[in-house]
Amino acid sequence: MSENSTERENHLAHADGAVLRADNLIAGYLPGVNILNGADLYCQPGELVGIIGPNGAGKSTLLKALFGLVKVHTGQVLLKGDDITNQRADQLVTKGIGFVPQTNNVFPSLTIEENLEMGCYQAPGTFTERFDFVTDLFPTLGTRRKQRAGSLSGGERQMVAMGRALMMNPSVLLLDEPSAGLSPVMQDEVFVQTRKINKAGVSVIMVEQNANRCLQICDRGYVLDQGRNAYSGTGKSLAGDPKVIELYLGTLGAAS
Amino acid sequence: MAAELTAAQAALAQVATDPGAKKPDPIVVGSGITRTFGGLKAVDVEHIEIQRGVITALIGPNGAGKTTLFNLLTGFDEPNSGQWSFNGNALQSVSAYKVARLGMVRTFQLTKVLAKLTVIENMRLGATGQKGEKFWLAPFKWLWKGQEDEITSRADDLLARFKLDAKREDFAGSLSGGQRKLLEMARALMVDPELIMLDEPMAGVNPALKQSLLGHVQSLRDEGRTVLFVEHDMDMVRHISDWVIVMAQGQIVAEGTPQSVMADQRVIDAYLGAHHDTDLSELDEAALEAEVEAEIKEEQA
Amino acid sequence: ACGSEDSSSDAESNDSPSESSSSSAEPVAEGDGTLTFGSLLPATGSLAFLGPPEFAGVDLAVKEINEAGGVLGKDVVHVRGDSGDADSGIAPAESDKLIDAGSDVIVGAASSGVSLTAIDKIMSAGVVMYSPANTSTAFDEGDYSKPDLYFRTAPSDILQGAVLANLLVKDGRKNVAILARQDAYGETLASEIKKNLEAQGSAVALTEFYGEKAQTFDTQVQEIAGAGADAVVLVAFEETTSIIPQLVSAGAGPKDLPTYFVDGNTADYSSEASVPLPAGTLEGTKGTIPGAETAGDFKDRLKGVDPKLTDYSYSAESYDAVVTSALAAIAAQSDAGEAIASKLVDVTTGGEKCTTFADCAALLEADPAADIDYDGVSGPIELGETGSPTAASIGIYEYDAENKISPVEYISGNI
Amino acid sequence: MGDGTAIDVTLSDDSKKVDGQPAPIEGVTLTVTTDDGTEVGEDVTDAEGKASIPLPGGGTYTVTLDEDTLPEGIELDSKTRTELEVRVLISGSATIAAFPIGVQAADTTGFATKLIDSIVSGIKFGLIIALAALGLSLIFGATGLTNFAHGELITLGGVVTYWFNRDAGLPVILAGLAAVLVSALFGYAQDRVLWRPLRRRGTGLIAMMIVSIGFALFLRSIFQYTFGGSTQTYDQYVAQVRHSWGPIHLNDKEIAIIVISLVVITAVCIAMMKTRMGKAMRAVSDNPALSASSGMRVDSVIRNAWILGTALTGLSGVLLGLNSQVSFQNGGRMLLLVFAAVTLGGLGTIWGALLGSLVIGIIVEVGPTFGVPSSIKEVGALVVLILILLVRPQGILGRRERIG
Amino acid sequence: MDFLEILRTALQQALGPTAIVYVLAAIGINVHFGYTGLLNFGQSGFMAVGAYGLAVTVVILDGSFWLGVAVSFVAALALAIVLGLPTLRLRADYLAIVTIATSEALRLVFGSVEMKDTFGGSNGLTGYSKVYKDLNPYSDGIDLGFISYRRDDLWNITVGWSLVAICCLVVWALMRSPWGRVLRSIREDEDAVRSLGKNVFAYKMQALILGGMIGGLAGLFFALKQASVVPTDYNTNLTFLAYTALLVGGAARVLGPVVGGVILWFLLSGLGATFGQMTSGPDPILPTWLMDSSQSSLTRFIVTGLALMLLMIFRPQGIFGDRREIAIDGR
Ligand SMILES: Nc1ncnc2c1ncn2[C@@H]1O[C@H](COP(=O)(O)OP(=O)(O)OP(=O)(O)O)[C@@H](O)[C@H]1O
Ligand SMILES: Nc1ncnc2c1ncn2[C@@H]1O[C@H](COP(=O)(O)OP(=O)(O)OP(=O)(O)O)[C@@H](O)[C@H]1O
Ligand SMILES: CC(C)C[C@H](N)C(=O)O
Ligand SMILES: [Mg+2]
Ligand SMILES: [Mg+2]
């Protein structure tokens, strides 16, 4: 595990001053079964961080642990220096973190409009303004505003999920596979918009299986495997790393 | 792509590339299929044919009606009108399980794993014609033991290929999003169907694994099976599909080989997008920043 | 009766006539030596207002029997059980408890419906079931018509039905509506009343039943109010307190239509009662309760065991059930249920009359084969073929402006 | 003989009244014979229309009226009724027999009146159910819990009102208000003490449902323990006479019940549709984790659902007690109907619960008018429930889920 | 207090005929709910038709006892089919309401005055169990030293536990097979199973019939041991207690209902005996102002309610259940 220890050193060396930082997280769903085995992560202000890795590596678990939805056994999560380990999700929302889960990410029995309304639950006054913003991004959501989310197509749901998180205008955004299920044009739109949001000062941490695209836009990337960081570096360097390509990225996308 | 084309693939060369084109040896033929939800016409397919023995991709923007068409074809939803047949058997108002038994099996876009069964049990369930599933034979283990062993070994092979072997004894409910997709697909393959319909099988699957699975899908075709899949991942469409059908707003708007379809300007506009094939890191960062600043100013004003 | 080997250790049992039992010629069922009474009476449920007098009757009898020297040389024992409601399923469970506690005679239940849920269980355990209050005709029919282990001191509703019908005809009611609870009691009493009314020339406008678990009585009350009847008979338990206000609402209250009660609801509804009705509601309403007038001195003795007693319905019947069982045990020289059952009819009919346990026991002590005829506080108690009284009195009561009852007259009859 | 056992016959003409009493008929001959036809005695009615024939003892006798001796213009109602077969059980005093003469046709209510009356009481009953159903729906909506202890929350309203009213001496209106407050508090407390810790432990819905069965048993027994097994009434508004409002007959308290429940139900329904809280409750039931991720305090949303739901249910109990009676079983008896109502309307839809309740209430009460035996009138509602669900498996206002 | 006596009563009841009735009912529910996910809240309905099948055949129709037994099976089968045909396509919670409604409707009809001639009204029916009683091979009760059973009960528990053993064996053999796997899959997601070509309706029907017939058997045994069939016995509480027994033991486990039923009755009667002792006698342990003997019988239910809640809170999977399965359940 020499690679791993260099990863750890790397982390400790650069993590200072991060908006969101997680040190040596050990977490899991069931007692005795740890899914995260000492994952580290930091995100500097205004940074766009991508996380990739094989299925079941613990990417979603990591995001959930950051967001207080999975219990962290050891390690800590800091937001701008404050310890937020295992805090309630709604408190984190108040502190400006937004989260789009990978699955079950809409309220099926609420309409699109109501789903989005829930997004700005803590600041109802901003609804109309943010709603316009989101429907600009995803025009379908505007035209179908009265449809129940439970009857939407897979891609439409994904738009609602993303839209909901954007409603609250967060300062840190955690995205779990936001592009999954979207048509290519919408995927690109999501990536571009994410970048745009990020440029406007929002720190973003995104998990993606559309790894090439993700590494193209992100400032820095992590490769997670078996609950700990396997590699990290700038998006470009990771995308070009032959080891990463062999183990995680594959050659399909690059061939084009 | 395979070096030598199978006869079925070769036959596609003759097919016209207009929507609803006739195929030389169709396994599924449907016409006049419509389905409306309230005022929305989710599916409005005049004619559709799926060629036997090839891999057909069904693409189209979100909400185009692809999943709904799957639902209709496989008996999970009732159309407002339309007829279709599989291998010459008319399938209108045939219940879903009978459709599956005829050899037409589908997966679900939003996965449906059997949460409190282990992964291997999920797999075993897929196998058809199990003696032990008959009430009167079930209590007598010696009657179905042999078959069960054979099923299990087949399941284990598939699990290994789908990188789920480590999860063999875990409850399916504890799988990650991508693992569920994989299990869903592997389980459908256990049915050993003639036509397998995959609804976004690769969404959320790790690229390296995806690559290795594509080979598997191709080998299915090479065994003589027909594959129909919905996918937004153009790499996959490009690499393995022999034929592409494009849907938009419920209708089939284009058909053809992957190359021809992807070059179609309408498809690019409505579906693939302008940035398609460009590297996003080459985006004009400065322009993006300027845009953002302009917006911020607008807001302040 | 089988305590011969432990008599050496049992100092006080030496003077009892235990040797006579071992030499007794008849093959009697073996008991455990102690006559145990289980009471399966309504501590809870819709007859709970009858619990206190019935328990007091049993307690008093047990106390007096033990004061008079007990049965077969040992004190008799009382184990309490609750009968609950028929739908609460308490009774069968409590019966198990009582049987396990070694009961030889189970006194109860009060409600006929409840009794039916436990009767087979009790009888198949070889225990006597002796109800002080069951009046349904069901216990003299079908399976229970044979002389078996079921007895009661309350007369069958054949008599109450006749008396009530007679009262109605006498009061000039020509078209009567009956509202009854749908259970073993309500059904049979309603049909007895109807039969007698029709035989005696009065019509029955309609008979309406409601389920024991009814949520509302609106429909039934509407039917009754709209039947054009000139009197209403209400065969009910405690739900009376819900039905009466609804009858009033529908314009068919006791003030609009003469109303008649029966033993299930001829209770105290004054402001002191546990379930009051607004004063004046029931004024002039009449009701029947089986049983002779409760003697003042008996009331005083009951007050001795339960000073809080206000109601006396079925206390005498409960008392007599215990006393007759004790006498039957002495006569049979065994405390086993089957043995008691075989003598119960004997000790209540034909022979030398006696009216208290002490007197009767003395007669039997003098000659175990003596034929006695116990006449109790509830009446002459003549148990017939089927284990039910063949002669009894029915009291007619009337409500005053305070909703309290007072007896008008007692009518006796034979079944 | 001579101990007083006798058959007394009273003859009077109901069509003629003297001082409000039927006019006695004098001079009619009556004969009593035994089973085998032996004559026992004969008597002629006196000025009061009475005749008395002493009997040797109990038994079955036939009383025959000699029609020829009837005065001019008076006829028996039915030809067959010149003979009565009387079974004499009463000894020592007379058994009375009467012959129906001039009895007026009974003044029965017509079908239409009955129907209207039953519909009105159905609506009233339905509204009471609706309050409880709304409460159930809210709680189900926010937590997904099938709460089998819901019936006991109905009981709570009635029982507490009773205590405030009878034991503390408050007027019913105040007592009822107090009971609704206590219910609300109880809603808060039970969430705090029971359900919230359960949620914290991640207890599944099925396990929670079983907990609610245990809780129901617990509460019902507590009520029985403290309140007693008997049925009680409040001390006001117990027996009110109905007035006519056109074809509708209602008394004051019934009007109050209808008005109060209508107002409360409408207010709650509108609030649920329009306010953030209403949407938040649905959101929380759909997906608690996502709700938290949206910034909702899931626990407080659920707590509010419990408070409001229990208060509404308590109100239903208060009104039920006002309408009829208070007993520890009040709620348990209503539970199935409340469940049926919520299901019928479509699980989780607020208006559905209301509609379902009205349908259930009306069917229960109207059924008997169309021949449903009234002793089992609930069966009608249950059968209709089953039939409707067969046609619309998702309930009247429910929506089908999408597959795939 | 006499703890030995309490223990004795509790043990005797826990292994006695009443517990067996609940165990059998719970085994049926286990097939429905535990394995297949059918939320059948109408088990008391199946039990009622089982019991009435026998009683009506013998008492009203004058048929033979064995014919009655056969009828009682056929009745449960028929109810399963009649109930299943239309309702098996309903969602789980709707199915619950329909079944509970059906069982209540059945109970009300069985007890109605209008049908008194067929079902005996609310008195119910008696006098059908002679053949069963005559089959009793024991000449005497049994005394195991600590607990003892009367002759009748000895026969009842012999028959009862044999039935339980047979049912458990059948359930075990079926549930380990692929057939059982299909049922468990249906519990998780019907559509997934359908998409794999299994006739979900047929499987659900088979499960409903199997569990319903075990329920009918429970009713039959209830009728035999009780010697009377009374409609009020078949109320929804019966179903609820059977569910409790099942969940106490652990759903989807072959022995879950058995252990659960025994424990439930042990608790119920043990508590009853305890409080009974504390409040009875001339000088009760608990002062009468606090609790009198009628309230003591209620305390048992209060404590049972509490115990059930605590059990579910601290061991939601039941005694045999798997903690991991419960964790999956979280929404
Ligand atoms: N049950 C329903 N009720 C109402 N609208 C529905 C329902 N099911 C589908 N729709 C609508 O029909 C349209 C087609 O949906 P469908 O799921 O077939 O799209 P799709 O092509 O699979 O899209 P995606 O690529 O996003 O999965 C969508 O706009 C969807 O909102
Ligand atoms: N609710 C759960 N209970 C138990 N184990 C779980 C649960 N959810 C996930 N796991 C396990 O945790 C591991 C990591 O899951 P996670 O969802 O974090 O993976 P992931 O990296 O997001 O994968 P994917 O790319 O497929 O979404 C997997 O092995 C999975 O089986
Ligand atoms: C106590 C009495 C009211 C009981 C009633 N006589 C019955 O048989 O049910
Ligand atoms: Mg993930
Ligand atoms: Mg789709």
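**Exercise 1. Two domains in chain D**

Find how far apart the centres of domain 1 and domain 2 of chain D lie, taken over C-alpha atoms.

*Solution.* The model is predicted.
Step 1: locate the domains. The assignment places domain 1 at 6–106 and domain 2 at 111–402 of chain D.

**Exercise 2. The build of chain D**

Decide whether chain D is a compact globule or more spread out than one.

*Solution.* Step 1: list the elements. Chain D holds 11 helices and 12 strands.
Step 2: compare with the globule rule. For 404 residues the rule gives 22 Å; the radius of gyration of chain D is 30 Å, well over that value, so chain D is more spread out than a compact globule.
Step 3: look at the extents. The C-alpha trace of chain D spans about 95 × 45 × 40 Å along its principal axes.
Step 4: check burial. Of its 404 residues, 59% count as buried.
Step 5: Chain D has 29 positive and 34 negative charges, and their mean positions are 33 Å apart.

**Exercise 3. The build of chain B**

*Solution.* Step 1: chain B has 11 helices and 10 strands.
Step 1: its radius of gyration is 22 Å, close to the 19 Å from the globule rule for 301 residues, so chain B is as compact as a globular protein of that length.
Step 2: the C-alpha trace of chain B spans about 80 × 45 × 40 Å along its principal axes.
Step 3: 57% of the 301 residues of chain B count as buried.
Step 4: chain B carries 30 positive and 43 negative side chains, and the centres of the two sets are 11 Å apart.

**Exercise 4. Which chains meet?**

Name the pair of chains that shares the most contacts. Then find how far chain C stays from chain A and from chain B.

*Solution.* Step 1: among the 8 pairs of chains in contact, chains C and D share the most contacts.
Step 1: chains A and C do not touch, and their nearest C-alpha atoms are 35 Å apart.
Step 2: chains B and C have no contact either; their closest C-alpha atoms lie 37 Å apart.

**Exercise 5. A covered helix**

Find what packs against the buried residues of helix H4 of chain A.

Step 1: name some of them. They include A:Ile112, A:Leu116 and A:Met118.
Step 2: find the partners. In chain A they are helix H5 (127–137), helix H6 (139–143) and helix H7 (154–167).

Notes:
Residues are numbered from 1 along each chain as its sequence is written. Chains are lettered from A and ligands numbered from 1 in the order in which they are written. This is a predicted model: local features need pLDDT of at least 70, side-chain atom pairs count only at pLDDT 80 or more; totals for chains, interfaces and linings use all residues. Side-chain values use heavy atoms; hydrogens and water are left out. Helices (H or I, at least four residues) and strands (E, at least two) are DSSP runs, numbered from the N terminus. The radius of gyration is taken over C-alpha atoms; the globule rule is 2.2 Å times the number of residues to the power 0.38. Buried means under 20% relative accessible area, exposed over 50%, partly exposed in between (1.4 Å probe, protein chains only). Lys and Arg count as positive and Asp and Glu as negative; His and the chain ends are not counted. The place of a charge is taken as NZ of Lys, CZ of Arg, CG of Asp or CD of Glu. Domain bounds come from an automatic or database domain assignment. Contact means heavy atoms within 4.5 Å.
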